[in-house]
Amino acid sequence: MKTVFQIFPQIIRALVAVSLVFVAHAKADDALLSDQLAGLETYVACLDKAAPEQYGGPRFELLRPLEALAVCRKALDTVPDELRAEVFLYAGRAYDAAGQHEVAYWLLSRAVDDGLPAAYGQLAYHLYDSEADDKRALALAQKGHEGGDWVATNVIASLYAQDRIEGKSIDDALVLAKQGAINGSSLSQFLYAWLLEIKGNQPINAAIWYQKAHKAGEIRATGFWAELLERGIGDADPEPERAVELYWQALKAGDSWTLEAFLKKGRDRSKEVITGIQTKLIDAGLLKGKADGKVGKRTLTAIRKIAGL
């Protein structure tokens with residue numbers, strides 16, 4: 001069973017920092033106390049905007065880099081030393097999302113030097129996503145996995161599934177992803193479902209795990225589950241109405257995969273699904289006219305608006 005220190009390290013460190021503030025208050029003047037409290041405030045703001053999901057932060061693709069950088073830059077200058085490693089991690093994610101990958105790499109490396117399990121996972125993901133160094137990505141992910149970080153575990157599974165590590169295969173990926181899925185990681189549940197669907201040709205089992213991930217708040221799973229329902233799961237008939245409801249949730253959340261499924265691959269969607277989405281857009285006041293099941297410019301523009309683009 002994981003300890004509180006493994007599950008909420010940032011909370012524990014914050015409590016330590018708060019204790020230090022009150023110790024400092026007993027020995028210093030009000031100006032010092034004010035500065036340290038301000039540092040804690042910027043730390044909390046940076047955590048909220050850029051911390052990894054397992055720390056309660058946003059998914060990477062939903063991270064707003066400009067907002068995150070504004071607070072995390074302040075945090076880098078003001079936080080107590082006890083919290084600096086976490087801020088390196090959070091700021092690294094923010095710079096990565098902003099496309100400043102060299103700065104992100106440096107910051108994440110600093111967090112790794114301090115031994116944060118989540119930092120190993122984030123740096124491993126950075127290397128995995130850029131395909132810069134699969135061997136180092138694997139080594140970092142294995143360290144994070146040993147520390148209980150599920151992002152690291154999923155990096156390993158993804159490397160295995162894509163045959164990017166010699167001697168490892170989809171079977172090894174399924175074992176790792178299943179382990180994380182059973183342990184309750186929504187990201188692992190999504191990855192396991194995807195592997196079952198795409199690599200294992202098991203749409204029924206995939207749908208079960210997509211649904212679990214969706215209920216746990218993993219919005220990426222929502223669109224994938226909707227697509228299965230749109231096509232029909234296994235020998236079952238298509239369920240366009242259920243698919244529309246799920247697609248709609250994913251679109252409103254700005255899910256990148258679902259957006260692409262409509263903006264770039266709209267012709268692959270069924271007429272029933274397009275009609276259902278158009279009806280919702282009309283009801284929301286974003287589309288005029290009748291729902292005709294055809295993907296035109298006005299429909300695409302309305303979809304961008306509902307996604308906040």
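## Nonpolar core

The largest nonpolar core of the protein holds 92 residues, and those with the most contacts inside it are Leu89, Tyr90, Tyr210, Phe262, Ile277 and Leu281. A nonpolar core is a set of buried Ala, Val, Leu, Ile, Met, Phe, Trp, Tyr and Cys residues joined through side-chain atoms within 4.5 Å. Helix H9 (residues 150-161) supplies the largest share of this core, nine residues. Buried stands for under 20% relative accessible area, exposed for over 50%, and partly exposed for values in between (1.4 Å probe, protein chains only).

Ile277 is in contact with Val244, Tyr247, Trp248, Leu251, Phe262 and Ile303, leaving aside its neighbours within four places in sequence. Contact here means heavy atoms within 4.5 Å.

## Basis of the model

This is a predicted model, in which local features need pLDDT of at least 70 and side-chain atom pairs count only at pLDDT 80 or more, while totals for chains, interfaces and linings use all residues. Residues are numbered from 1 along each chain as its sequence is written, and side-chain values use heavy atoms, with hydrogens and water left out.

## Overall composition

The protein has 17 helices and zero strands. Both are DSSP runs numbered from the N terminus (helices: H or I, at least four residues; strands: E, at least two). Of its 309 residues, 48% count as buried. The accessible surface comes to about 15,800 Å², and 52% of that surface belongs to carbon and sulfur atoms. Accessible areas come from the Shrake-Rupley method with a 1.4 Å probe; for residues, only the protein chains shown count as cover.

Among contacts in the protein with a separation of 6 or more, 51% are accounted for by residues 24 or more positions apart.

## Helix packing

Axes are lines fitted to C-alpha atoms, for helices over the stretch in contact, and angles run from 0 to 180 degrees between N-to-C directions. Angles under 35 degrees count as roughly parallel, over 145 as roughly antiparallel, 65 to 115 as roughly perpendicular and the rest as oblique. A crossing is left-handed if the near helix is turned anticlockwise from the far one by less than a right angle, and right-handed if clockwise.

Helix H14 (residues 240-252) and helix H16 (residues 271-283) have axes that come within 9 Å and cross at roughly 50°; H14 and H16 are therefore oblique to each other. Their crossing is right-handed. On the H14 side the contact is made by Pro240, Ala243, Val244, Glu245, Tyr247, Trp248 and Leu251, and on the H16 side by Glu272, Val273, Gly276, Ile277, Lys280 and Leu281.

Helix H5 (residues 84-97) packs with helix H7 (residues 117-130) at an angle of about 15°, the axes being 10 Å apart. H5 and H7 are therefore roughly parallel to each other, and H5 passes H7 in a left-handed crossing. Leu89, Arg93 and Asp96 of H5 make the contact with Ala118, Ala119, Gln122 and His126 of H7.

Between helix H12 (residues 203-215) and helix H13 (residues 219-231) the packing angle is about 145°, with the axes 9 Å apart. H12 passes H13 in a left-handed crossing. The H12 residues in the contact are Pro203, Ala206, Ala207, Tyr210, Gln211, Ala213 and His214, and those of H13 are Ala221, Thr222, Phe224, Trp225 and Leu228.

## Residues around H9

Asp163 lies in the loop between H9 and helix H10 (170-182). Most residues other than glycine have a negative phi. Asp163 has a positive phi of about 55° although it is not a glycine. With a relative accessible area of 60%, Asp163 is exposed.

Lys199 is in helix H11 (residues 186-199) and, at 41% relative accessibility, counts as partly exposed. Leaving aside neighbours within four places in sequence, Lys199 is in contact with Ala161, Ile170 and Trp194. Asp134, in helix H8 (residues 134-146), touches Leu159, Arg164 and Ile165, not counting residues up to four places away in sequence.

## Thr299 in H17

Thr299 is found in helix H17 (residues 297-306) and is buried, with a relative accessible area of 6%. Not counting residues up to four places away in sequence, Thr299 touches Gln278, Leu281, Leu287 and Lys294. Thr299 and Phe262 are 37 residues apart along the chain, and their C-alpha atoms are separated by 9.6 Å.
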